[in-house]
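Subject: Structure for your files

Hello,

Here is the structure I said I would pass on. My notes on it follow below.

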Amino acid sequence: MKPKYDLVFLSPGDRKTLREVTGRGDFSNQIRTRAHILLALDENTGPVKEQEEIASVLKCSSSTIRKTAKAFCHGGLEEALARKRRMTPPVPAKVTGEVEARIIQIACSSPPVGHARWTLRLMEDALVSIEDIPDLSDNTIGRLLKKHRLSLT
């Protein structure tokens with residue numbers, strides 16, 4: 001019968017590293033829990049408890065145990081402990097380098113006729129008329145100018 005999870009065989013070095021992780025408070029609870037899971041699943045130390053027993057002791061779900069064991073077997077200790085990084089952000093950024101350059105260019109230009117200086121609302125209105133720049137709020141424009149240490153005064 002096929003086991004419900006990938007079998008974990010820890011080397012003595014891995015076991016020592018995991019014991020250090022579980023013993024120190026320098027790591028997040030998530031990393032320490034994963035280290036406890038790997039130590040509990042180690043086949044080298046003798047018979048392993050069932051997933052449900054380990055889950056109840058560590059107060060996590062059995063899917064966490066399955067995913068941690070799978071990550072260790074397929075990617076090693078670092079991948080099992082660390083959180084998986086996203087390849088792309090969940091929401092693509094509206095402000096790219098080209099958009100920033102255009103906004104800075106507008107901020108450095110002369111203000112519209114009838115105004116002594118640019119305001120964030122005036123810049124927002126001016127950017128609406130430009131087609132290749134997405135709609136941005138005045139707060140976004142202000143943060144961008146602050147990031148580049150520019151002032152409208």
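Please keep in mind that this is a predicted model.

I start with arginine 34, which sits in helix α2, residues 29-41. Arginine 34 is buried and yet makes no salt bridge. The nearest side chain of opposite charge belongs to glutamate 79, and it is 9.4 Å away, whereas a salt bridge requires nitrogen and oxygen within 4 Å. Apart from neighbours within four places in sequence, arginine 34 is in contact with Thr68, Ala80, Leu81, Ala82 and Arg83.

Next, the nonpolar cores. The largest has 18 residues, and those touching the most other members are Val8, Leu18, Leu38, Leu41, Ile65 and Phe72. Helix α2 is among the elements that give two or more residues to this core; the others are α1 (12-23), α3, α4 and α5 (77-81). In soluble globular proteins, nonpolar side chains tend to be buried together.

Now the salt bridges, of which the count is five. Three of them are described here.

- Lysine 147 and glutamate 100 meet at 2.9 Å, N to O. Lysine 147 is in helix α8 and glutamate 100 in helix α6 (residues 97-108), so the bridge ties together parts 47 residues apart in sequence. Lysine 147 is exposed at 54% relative accessibility, while glutamate 100 is buried at 14%.
- Arginine 102 and aspartate 132 meet at 3.0 Å, N to O. Arginine 102 is partly exposed, at 29%, and aspartate 132 is exposed, at 54%.
- Arginine 121 bridges to aspartate 138, with the closest N and O atoms 2.9 Å apart. Arginine 121 lies in helix α7 and aspartate 138 in helix α8, 17 residues apart. Arginine 121 is exposed at 59%, and aspartate 138 is buried at 15%.

Last, some backbone angles. Which phi value does lysine 59 have? Phi is near 55 degrees, a positive value in a residue other than glycine. Lysine 59 lies in the loop between α3 (51-58) and α4 (62-75), and is exposed, with a relative accessible area of 75%. Arginine 149, also not a glycine, has a positive phi of about 55 degrees. Arginine 149 is in the segment after α8 (138-147) and counts as exposed at 78% relative accessibility.

Regards

Note on methods. Residues are numbered from 1 along each chain as its sequence is written. This is a predicted model: local features need pLDDT of at least 70, side-chain atom pairs count only at pLDDT 80 or more; totals for chains, interfaces and linings use all residues. Side-chain values use heavy atoms; hydrogens and water are left out. Helices (H or I, at least four residues) and strands (E, at least two) are DSSP runs, numbered from the N terminus. Buried means under 20% relative accessible area, exposed over 50%, partly exposed in between (1.4 Å probe, protein chains only). Lys and Arg count as positive and Asp and Glu as negative; His and the chain ends are not counted. Contact means heavy atoms within 4.5 Å. A nonpolar core is a set of buried Ala, Val, Leu, Ile, Met, Phe, Trp, Tyr and Cys residues joined through side-chain atoms within 4.5 Å.
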